[in-house]
Amino acid sequence: MAKKGARQLIGLICAECKSQNYVSEKNKTNTVGKLAFSKYCKRCRKHTKHNETLKLK
Ligand SMILES: [Zn+2]
């Protein structure tokens, strides 16, 4: 049976304009520390670094 609570909902915010463009989830048991992805930002209209932010359900 899968354990509850291992995955955590996170938002991904653009490092440049601070808009939240993506919602993801991570396994906090396997992933320690902050995540950062290079993703396309609609507002900047280019790829920027997106940092994770805590997202409450
Ligand atoms: Zn942006």
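I looked up S3 and S4 and found them paired in the antiparallel sense over 6 bridges; strands are DSSP runs (E, at least two residues) numbered from the N terminus, and two strands pair if DSSP finds at least two bridges between them. The model is a predicted one, in which local features need pLDDT of at least 70, side-chain atom pairs count only at pLDDT 80 or more, and totals for chains, interfaces and linings use all residues. Residues are numbered from 1 along each chain as its sequence is written.

I noted that Lys39 stands opposite Thr48 in S4. In the hairpin of S3 and S4, with 4 residues between the strands, I found Arg45 at a positive phi near 55 degrees.

I then followed S4 (residues 46-54) to its pairing with S1 (residues 7-14), which is antiparallel over 5 bridges. Leu12 has Glu52 of S4 as its bridge partner.

I traced the whole sheet next: 4 strands, open, in the order S2-S1-S4-S3, with antiparallel pairing. S2 (20-27) and S3 (36-41) are the edge strands, each with a single partner, so one side of each has no neighbour in the sheet.

I turned to the largest nonpolar core, which consists of 5 residues: Ile10, Leu12, Ile13, Cys14 and Cys41. Such a core is a set of buried Ala, Val, Leu, Ile, Met, Phe, Trp, Tyr and Cys residues joined through C-beta atoms within 7 Å, where buried requires 20 or more other C-beta atoms within 10 Å of the residue's own, C-beta atoms being placed from the backbone. S1 gives the most to this core, with 4 residues.

Notes: Buried ≥ 20, exposed ≤ 12 C-beta atoms within 10 Å, placed from the backbone.
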